[in-house]
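Here is a protein model to look at together. Have the sequence and the 3D view open as you read.

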Amino acid sequence: MKPERLIYTFVSYAAHYDADWGKGVALDGIERTAELAHKYAIPVTWIVNRGSIPVLRERIGEWHATYGDDVILQCPFFEEEAGSSKEVLKRRLEEDWSLLQEAFPWAATKVAARGKIYNEVIEVLEELDFEGMWGYCYEQFWWDGITHKGIPWGSWYVNSGSFKVPHSGRGQVVACEWTARDLHATYHTGSPVIYSTDPNDVLRAGLCTGENIDYWKHLFDEYLFNTDHNGQVFFLQQQEGHEMEFTDRFTVFPASHVEECAGMLDLFFNYITSYPITLTTLPHAVRLYKEQNEYTAPSYMLTHDYPVRPEVNEYTMTLGGVGFGPWPETFLYYDKECQLSFVEGECRPRLLRNYIGKLNMNDDFTEAVPPVFVTKYLKTDTVIELEYEIGSSSAVPFGLVYWDDLAGYEVSACSGGAEVKLIKDKLAFLRFNLTGGRQTIGLTLRLKRRLEGHA
């Protein structure tokens with residue numbers, strides 16, 4: 001593992017609300033959240049709005065000086081608050097950022113926050129020189145009025161003309177997810193909300209308690225496991241300040257849930273800080289992404305099942321229940337052109353999402369997977385030779401996986417224009433584009449020690 005490549009950020013909503021479940025600024029919950037994170041020297045990124053900025057100015061200023069905390073700006077709802085007007089949205093964002101910068105003059109990187117995202121929102125952010133948009137929800141549909149099914153996980157450059165699709169080049173705005181998801185269980189169950197790093201969601205699902213976070217430890221270990229073959233692995237976790245409070249102001253969840261979630265976060269912070277990971281704020285994570293990546297970086301995630309299952313209750317049955325598994329080892333991948341999912345032992349993807357030229361944001365970009373034939377397979381003590389034949393009537397991004405014990409092997413040859421990456425001595429991933437006709441891809445793997453012996 002290369003734990004320093006795991007970039008952990010903790011974000012907390014610290015906005016002013018006027019709703020039936022709470023009014024004002026959740027000062028008790030915000031203080032409690034800050035105390036938990038700062039106990040482990042974790043800087044907090046606070047999501048503020050025009051109502052909370054003057055209330056939290058002094059507190060966050062002190063936390064910034066002592067612990068490195070930072071702020072990002074809650075974006076007004078495009079439809080509900082800006083009347084679907086780009087001009088109104090732009091004016092509100094300009095006004096609110098001016099208030100933020102007056103209160104927090106050290107805030108250098110402009111990042112907006114909201115789960116309901118539209119092309120017009122990204123366009124306005126680009127015009128105002130924002131560099132990040134927090135609130136993307138991998139595989140989510142319907143929940144909280146957010147449907148982002150089809151997007152990549154983690155961080156990627158957003159295409160302003162297609163807000164759910166990676167930019168074809170170097171975009172200006174970096175997508176930041178709401179909270180990290182369990183990629184393995186999400187893929188196999190379609191339940192990203194339940195299988196996540198959100199404290200209240202996993203508590204209600206029965207996956208974690210204030211005394212047992214084994215599920216969360218596994219989820220974090222999965223991301224750590226994948227640091228060997230990724231330049232950066234982003235792990236963002238979020239908890240609302242108003243969900244850490246049970247007072248006359250805010251009663252989103254019972255007091256018992258507040259206590260349980262505090263216990264969970266305390267245990268989790270203690271666990272993750274035992275590794276030499278990169279702890280930083282979201283604005284700094286956005287800068288790190290832009291410094292290292294000219295365009296959306298490919299993500300290679302080899303994922304595994306974990307034998308902890310949610311309870312059957314009112315919460316987990318909301319969308320029709322949650323699958324129990326077990327599920328096989330699964331390799332998940334995306335880049336600026338596609339997203340692919342492979343189940344252990346299968347060479348062709350079970351899921352193919354094509355991002356090229358997509359304009360319909362109600363789509364999830366799924367395409368039919370063409371048939372794949374293995375026309376040659378030879379395995380000796382020193383060499384593995386494969387030849388694949390793929391027939392496709394359309395030009396689409398594509399990939400194949402060869403699963404085997406590949407300890408000690410390296411790529412000796414590859415034909416057909418494919419790029420090959422070996423993952424954890426478990427698989428060889430071939431990435432290429434289909435041209436719309438019959439194609440042949442060849443791969444030769446050879447034991448390193450035999451090659452060195454002939455040198």
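## Before we start

This is a predicted model, so to speak of local features a pLDDT of at least 70 is needed, side-chain atom pairs count only at pLDDT 80 or more, and totals for chains, interfaces and linings use all residues. Residues are numbered from 1 along each chain as its sequence is written, and side-chain values use heavy atoms, with hydrogens and water left out.

Helices and strands here are DSSP runs numbered from the N terminus: helices are H or I with at least four residues, strands are E with at least two.

## A tucked-away histidine

Let's begin with His242, which sits in the loop between strand 11 (233-238) and helix 8 (255-272). Is His242 buried or exposed? His242 counts as buried because its relative accessibility is 7%. The cut-offs are under 20% relative accessible area for buried, over 50% for exposed, and partly exposed in between, using a 1.4 Å probe and protein chains only.

Who are its contacts? Setting aside neighbours within four places in sequence, His242 touches Tyr13, Tyr17, Trp21, Ala26, Phe250 and Val252. Contact here means heavy atoms within 4.5 Å.

## Two open sheets

Now for the strands. Strands of a sheet pair through backbone hydrogen bonds, either parallel or antiparallel. Two strands count as paired if DSSP finds at least two bridges between them.

Strand 19 and strand 22 (residues 427-433) are joined by seven bridges in the antiparallel sense, and Tyr402 has Ala428 of strand 22 as its bridge partner.

Another open sheet has four strands, ordered 17-18-23-20, again with antiparallel pairing. Strand 17 (372-379) and strand 20 (409-415) are the edge strands, each with pairing on one side only. Here the twist averages 15 degrees from one strand to the next. Strand 18 (residues 383-391) and strand 23 (residues 438-447) pair antiparallel over nine bridges, with Val383 opposite Arg446 in strand 23.

## Salt bridges

Side chains of opposite charge can pair when their charged atoms come close. A salt bridge is counted when a side-chain nitrogen of Lys or Arg lies within 4 Å of a carboxyl oxygen of Asp or Glu. How many salt bridges does the whole structure have? The search finds 30 salt bridges.

Asp228 pairs with Lys2, with the closest N and O atoms 3.7 Å apart. Asp228 is in the loop between helix 7 (214-225) and strand 11, while Lys2 is in the segment before strand 1 (6-13), 226 residues apart. Asp266 pairs with Lys39 at 3.1 Å between the closest N and O atoms. Asp266 belongs to helix 8 and Lys39 to the loop between helix 1 (27-38) and strand 4 (44-48), 227 residues apart. Lys39 counts as exposed because its relative accessibility is 54%.

Finally, Arg50, Arg92, Glu95 and Asp96 are linked in a network of salt bridges.

Notes
Axes fitted to C-alpha atoms, helices over the stretch in contact; angles between N-to-C directions.
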